[in-house]
Amino acid sequence: MADYKSLYQEVILDHNKKPRNYGTIECPSHHAVGHNPLCGDHITVDVVVDEGRISNIAFQGESCAICKASASMMTTSVKGKTREEAETLIQEFLAMTTGRVPHEACPHIGRLAVFSGVKDLPTRVKCAILPWHTLNGAFNAVGTTSTEADADPMQTPIGDA
Amino acid sequence: MNAIQTALETRSSSLLDVENIRADFPILGITVNDKPLVYLDNAASSQMPRQVIDRLVHYQTKQHANIHRGVHYLSEVATSEFEVARRKLQHFINAREEREVIFTSGTTEAINLVMHGYGRKYICAGDEIILTTLEHHANIVPWQMLAEEKGARIRVVPVNDAGELLVDEYEKLFNERTKFVGVTHVSNALGSINPVKEMIAFAHARGVPVLVDGAQAAPHTAVDVQDLDCDFYAFSGHKLCGPTGIGILYGRASILEDMQPFKGGGDMILSVTFEKTTYNTIPHKFEAGTPPIAAAIGLGAAVDYLSGIGMDAIAAHEHALLKYATDQVQSMPGVRIIGTAGQKAAVLSFAVNGVHPHDIGTLLNQEGIAVRTGHHCAQPVMQRFKVPATSRASFAFYNTLDEVDALVAGIRNVQKIFT
């Protein structure tokens, strides 16, 4: 049985209340919009990659606590890292939250392990991974073109019934 | 009056023996996250009593074969039981004739049937279809598809801040191009009960037929299609304590007879050659292929069950639950009820300041409480009330005041966690 209480831990509630790197960046080198049709949530991610390293990152949007905290902690986790390091972290985060790999087996996940509980909440996995999808979309877009999450190859369809 | 007094009054005035009724529903006894299930998502789907489950088992173990075909024993039994179910549904909605009752897969298919069978035949370029802001996507999207195909236009009846349709505005939308009206009897997102009888009379005075989406109304109130005088009435079995995959389209016989078939196939024909096919009579013209026989028979048992309790008693109990819940929730600081129509079915949509509905849903689920969070397939309603989504508690006749108390305590807990 999932330990649901572990999902709404202090650190997540704190990042929801006081999101870090919240806002937009004027001239990002990469930008994407992520959308979760299940709940209407959407976030934007702006990134500045400078000589292969993420020198600045920001996010903005309307979302639930899980999504906002995930985005906030994502920005603090990848800031200063190389794009390759960030991409490794994206893969580890997705593997952990979808339950494919336990968080103990994710060498770079660190304190992002607080999100491991969502693997037992299928309807909430999307909330946690939306920022990471969006960052991935930003990296893989041509120039600064926006990419909708629907066009994101990592995105799986979500019904609205 | 304080909550306890209200509760005492409600408890003593309730017409239902809820404890005994709950014993009919095996699923209400389960636990979720080690807490007793509090099921408040009845507007999405209701639960099934033992009587319906047993009927399904009896059918599958003693009566199943394909219908309207074989001359053998089982086929005759299955056909007879299927048609008995149709008559039960006829009486449930007080249709004049059983051939006016068409089995569909649900409300969505029923509306699509009308769009294809009626809309594509009679609605032309420049014609107008009137819908309302309160429609479920199922009563919007088919008409948009038709409008796009034909070059027709959708007009939308607005609502006031309480979530009540503006009937004056509805009447102003009519002109010589108005060819069809689609209106929901009860809003799934807000619970508003719409004045459909008056709206139908107004449309009929101008020769315009009306489809009523009854998905949320049929489970909560006695439906009389003759009294409403509607041309079409659509509803789903799984919101009526019946199985999924079955629903009803009521249609006025004279209109159904002139309509185009929706799906082609077996059972909907009288004769087929490669030169010409002659369609069957109604309702069979609209029931191509093998229908969900067990589900139809199960739905027959479900309406027997509901009629046994009495739709008026069900409505009265649900109204008492709604009033008790509304009184409590509207007095909570930081909680806003969305949808405050004077006439409401047992739906309570609400927003909690600073907390996203999905977080509310997950935290309530932690307490064993099932509510629906999201846009409820009614995005125009969300846009009208400027919220991305709401949390929705929807009550059935088997819910109790204690369960309302659990919901209120659950919302308080959410607020505590997020402060």
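A residue counts as buried when its relative accessible area is under 20%, and as exposed when that area is over 50%. By that cut-off, 53% of the 161 residues in chain A are buried. The model is predicted.

**Chain A**

Chain A holds four helices and three strands. From the N terminus on, they run α-β-β-β-α-α-α. Take the contacts in chain A with a separation of 6 or more: residues 24 or more positions apart account for 61% of them.

Helix H1 of chain A spans residues 10-17. Its buried residues are Ile12(A), Leu13(A), His15(A) and Asn16(A). They cover an arc of only 165° around the axis, so they sit on the same side of H1(A). Glu10(A) and Lys17(A) are on the other side, and both are exposed. What do the buried residues of H1(A) pack against? Their partners are helix H2 (65-78) of chain A together with helix H15 (401-417) of chain B.

**The sheet in chain B**

H15(B) also lies across strands E13, E14 and E17 of chain B. It runs at about 15° to E14(B). These strands belong to an open sheet of four, in the order E13-E14-E17-E16 (chain B), with antiparallel pairing. E13(B) and E16(B) are the edge strands, each pairing on one side only. On average, neighbouring strands of this sheet are turned by 30° against each other, direction ignored.

| Strand | Residues |
|---|---|
| E13(B) | 335-338 |
| E14(B) | 347-352 |
| E17(B) | 390-394 |
| E16(B) | 372-374 |

E16(B) and E17(B) run antiparallel and are joined by three bridges. Gly374(B) stands opposite Thr390(B) of E17(B).

**Two domains of chain B**

Across the boundary, 33 residues of domain 1 of chain B are in contact with 31 residues of domain 2 of chain B.

How much area is buried between domain 1 of chain B and domain 2 of chain B? The value is about 2500 Å², and carbon and sulfur atoms give 60% of it. On the domain 1 side of chain B, Met311(B), Cys377(B) and Arg384(B) lose the most area to domain 2 of chain B. Together they make up 23% of what that side buries.

How values were computed: Residues are numbered from 1 along each chain as its sequence is written. Chains are lettered from A and ligands numbered from 1 in the order in which they are written. This is a predicted model: local features need pLDDT of at least 70, side-chain atom pairs count only at pLDDT 80 or more; totals for chains, interfaces and linings use all residues. Side-chain values use heavy atoms; hydrogens and water are left out. Buried means under 20% relative accessible area, exposed over 50%, partly exposed in between (1.4 Å probe, protein chains only). Helices (H or I, at least four residues) and strands (E, at least two) are DSSP runs, numbered from the N terminus. The arc is that of the directions from the helix axis to the C-beta atoms. Contact means heavy atoms within 4.5 Å. Two strands pair if DSSP finds at least two bridges between them. Axes are lines fitted to C-alpha atoms, for helices over the stretch in contact, and angles run from 0 to 180 degrees between N-to-C directions. Buried area is the accessible area (1.4 Å probe) that two parts lose on being put together, summed over both.
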